Amino acid sequence: MISGLRKTILRIMDNTLVTIGVVSYNTGKYVIKALDSILAQTYRNIEVIIVDDGSADNSVELIDDWLKKHNKQHWQFIKHPQNKGLHYGLNEILDAATGKYISFIGDDEFVPEKTARQVEMLENAGVEYGVAYGNMSYIDEESNPKGDSNWFDDKFYKNYPIPQGNILHDIVYSVTFFVQASLYSLDLLRKLKFRFDARFITEDWYLNLFVARYSKAVGTYDIMCRYRYRNDSITATNWTDERMHKVILSQLDMLDHIYKYPENNKEDKLVIYKKMHALALQLYASTKLNRIKKSAVAFGLFKKQPSVKNIMKSIVLLLMGNLDVANKDTLATIKDR
């Protein structure tokens, strides 16, 4: 028998609109798999906004045919005549969304109960919670399971006690969870005027940092999404030294942006600083930065947490370009702190 409270919660859920945003760019048959997973959701009170960002393949035709086949022409389908970038499409979805909650997907697949589970998690958690997140398993191009592992086991360890509540520090240290495995409070994002920023390549990390700064999180170890490994994806083919260099510079800019949030206390700033420091060490080892640029990165970082050792590291990198000495000083600084 369902309790009175449970019935009330389910009734509230039934009246709670959820927006699901889909961004497609040359994803072809994979975006159709994502749409199939939306159609299979056990939660029915949803609106779907699809953005095709100027695909050069047959993605638009496939999506149009799918919408007609399933009588979903009322789903919004925005077609860009040319590529405008992922961040533009995501912001376009934010602007068009009318739900209380929002989730995003590209070419991965939701599990059928994802939306229902996460709406219930957020409704039970309270207004101070801005995101409900879950785990991810892996699938191949044909949607077949790819091994028995999952994201939390691989990233941390089996039965890892996933963080709950105020998890900003966890998100700073690590990409704890991903956008496609999560459900966000659109009310919160609107209230705080959140926008995806084209300067920051890792848009999922940026969104999660923002939400964790201004709200609490509730998570589950259960699988909420199946992450697709594609042979032609950026993950599989394009993680060159040049791209990694660009990504790290972007992440440093992003963390510098987060560091400046006035809500940060001293401990928050130190945690963000240490993460920036770890990223900067990767840049110091790069042959793509000359001595002057390395010193500029170091000085810009170290002045956030001024100390004699930090200033000395900038001088060492400028005058000697000696990474070994910089690393030695870095370890000492982290240990001292």
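Q: What makes α2 and α3 neighbours, and which residues meet there?
A: Contact means heavy atoms within 4.5 Å. Lys 29, Val 31, Ile 32, Leu 35, Asp 36 and Leu 39 of α2 meet Leu 62, Ile 63 and Trp 66 of α3. Bear in mind that this is a predicted model, where local features need pLDDT of at least 70, side-chain atom pairs count only at pLDDT 80 or more, and totals for chains, interfaces and linings use all residues. Residues are numbered from 1 along each chain as its sequence is written, and side-chain values use heavy atoms, with hydrogens and water left out.

Q: Why are α2 and α3 called roughly parallel?
A: They pack at an angle of about 25 degrees, with axes 9 Å apart. Axes here are lines fitted to C-alpha atoms, for helices over the stretch in contact, and angles run from 0 to 180 degrees between N-to-C directions. Angles under 35 degrees count as roughly parallel, over 145 as roughly antiparallel, 65 to 115 as roughly perpendicular and the rest as oblique. So α2 and α3 come out as roughly parallel.

Q: Why does Arg 213 count as buried?
A: Buried means under 20% relative accessible area, exposed over 50%, and partly exposed in between (1.4 Å probe, protein chains only). Arg 213 has 17% relative accessibility, so it counts as buried. This residue lies in α9 (residues 203-214). Leaving aside neighbours within four places in sequence, Arg 213 is in contact with Leu 168, Tyr 261, Glu 263, Asn 264 and Asp 268.

Q: How do you know that β8 pairs with β5 and β6, and which way do the strands run?
A: Two strands pair if DSSP finds at least two bridges between them. Two bridges join β5 (residues 109-110) to β8 (residues 216-228), and these run antiparallel. Nine bridges join β6 (residues 129-139) to β8, and these run parallel. For instance, Phe 110 has Cys 225 as its bridge partner in β8, while Asn 135 has Ile 223.

Conventions. Helix = DSSP H or I, 4+ residues; strand = E, 2+ residues; numbered from the N terminus.
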